[in-house]
Amino acid sequence: MTKKKIGVLGSGQVAQVLASGFIKHGYEVMVASSDITKLSDWKTKNATGKLGSFEETAMFGEILVLAVKGTSAESIIKSVASGLSGKVVIDATNPIAAVPPTNGVLSYFTTLSESLMERLQALAPQVRFVKAFNSVGNLCMVNPMFAGGKPTMFICGNDRDAKREVATILDQFGWDPEDFGRVESARAIEPLCMLWCIPGMVNNEWNHAFKLLRA
Ligand SMILES: NC(=O)c1ccc[n+]([C@@H]2O[C@H](COP(=O)([O-])OP(=O)(O)OC[C@H]3O[C@@H](n4cnc5c(N)ncnc54)[C@H](OP(=O)(O)O)[C@@H]3O)[C@@H](O)[C@H]2O)c1
């Protein structure tokens with residue numbers, strides 16, 4: 001079966017790591033930035049990868065990855081929403097506030113009663129958002145190797161088929177996907193990033209991931 005085209009909205013570390021991961025797994029990929037010169041090193045290492053504006057990338061992708069700064073996610077989704085209609089958008093963003101961490105604990109601009117993905121879903125109801133990849137550092141996102149086995153990726157979103165498609169991708173990327181419900185579950189999944197970051201901020205330890213154990 002032909003693999004769907006992937007559009008990666010973003011040019012930072014997450015965007016670059018996931019875009020390279022998709023290329024490694026045989027997908028056709030376009031990566032977006034308002035200034036594509038930021039991606040010239042990535043392009044040198046990923047010759048088949050395409051570069052484009054946010055609008056071009058939204059149109060190109062059959063599945064999208066949203067990997068932009070949390071504070072800009074709403075304005076970027078608003079600006080490209082027409083190109084995303086009906087498509088799966090893997091939302092890797094976190095609503096990190098522009099203030100320093102307190103003893104290694106990040107601050108969010110959202111509350112426990114409203115996540116960033118709910119705001120995005122309300123802005124673009126025709127888009128099939130699935131939260132994923134937000135609760136692990138970019139260095140561990142693609143086929144990570146842990147002594148304890150495959151880590152768990154907690155995902156959520158309103159569309160079952162979209163979550164199934166994302167689960168298949170997560171399996172290829174070396175993760176055990178766990179469907180934790182609808183968009184409101186992002187209220188719980190987004191703060192996992194705060195927890196994940198504490199050992200990094202406090203002890204400079206960044207090589208870990210979550211695993212769900214069942215009896
Ligand atoms: N870093 C990680 O390991 C990690 C792990 C999990 C989740 N996340 C989440 O994934 C998202 C991307 O993280 P990242 O570390 O790769 O990159 P980032 O620095 O948070 O975001 C860079 C991207 O955001 C866009 N952007 C829009 N407005 C911006 C502004 N005012 N300042 C800076 N960038 C702006 C940039 O656009 P241009 O290309 O046009 O410059 C660029 O594409 C974030 O929401 C983050 O919380 C990060």
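**Stop 1: two asparagines in loops**

Select Asn103 to begin: you'll find it in the loop between β5 (88–91) and α5 (116–123). Helices here are DSSP runs of H or I with at least four residues, strands are runs of E with at least two, and both are numbered from the N terminus. Before going on, note that this is a predicted model, where local features need pLDDT of at least 70, side-chain atom pairs count only at pLDDT 80 or more, and totals for chains, interfaces and linings use all residues. Residues are numbered from 1 along each chain as its sequence is written, and side-chain values use heavy atoms, with hydrogens and water left out.

Check the backbone of Asn103: phi is near 45°, a positive value in a residue other than glycine. Most residues other than glycine have a negative phi. Asn103 is exposed, at 71% relative accessible area (exposed is over 50%, buried is under 20%, partly exposed is in between, with a 1.4 Å probe and protein chains only).

Now jump to Asn143, in the loop between β6 (128–131) and β7 (152–155). Asn143 also isn't a glycine, yet has a positive phi of about 45°. With a relative accessible area of 23%, Asn143 is partly exposed.

**Stop 2: Asp91 and its partners**

Go to strand β5 and pick Asp91. Its relative accessible area is 0%, so Asp91 counts as buried. Which side chains does Asp91 touch through polar contacts? One is that of Thr93, at 2.6 Å, and another is that of Lys131, at 2.7 Å. A polar contact is a pair of N or O atoms within 3.5 Å; within protein, one must be able to donate a hydrogen and the other to accept it, and residues adjacent in sequence count only if both atoms are side-chain atoms.

**Stop 3: a lysine in α6**

Next, select Lys163 in helix α6 (residues 160–172). Lys163 is buried, with 8% relative accessible area. Show the backbone of Gly181 as well: its oxygen is 3.0 Å from a polar side-chain atom of Lys163.

**Stop 4: the ligand**

Zoom in on single atoms. A side-chain N or O atom of Ser11 is 2.6 Å from a ligand oxygen. Over at Lys69, a polar backbone atom is 3.0 Å from an oxygen of the ligand. A ligand nitrogen lies 2.6 Å from a polar side-chain atom of Ser72. Taken alone, the ligand exposes 880 Å², and the protein buries 72% of that (areas by the Shrake-Rupley method, 1.4 Å probe).

**Stop 5: the cysteines**

How many disulfides are there? The count is zero, a disulfide being a pair of cysteine sulfur atoms within 2.5 Å. Select Cys140: the nearest cysteine sulfur belongs to Cys197, 11 Å away. Cys140 is buried, at 4% relative accessibility. For Cys197, the nearest cysteine sulfur is that of Cys193, at 4.0 Å, and Cys197 is in no disulfide either. Cys197 is buried too, with a relative accessible area of 10%.
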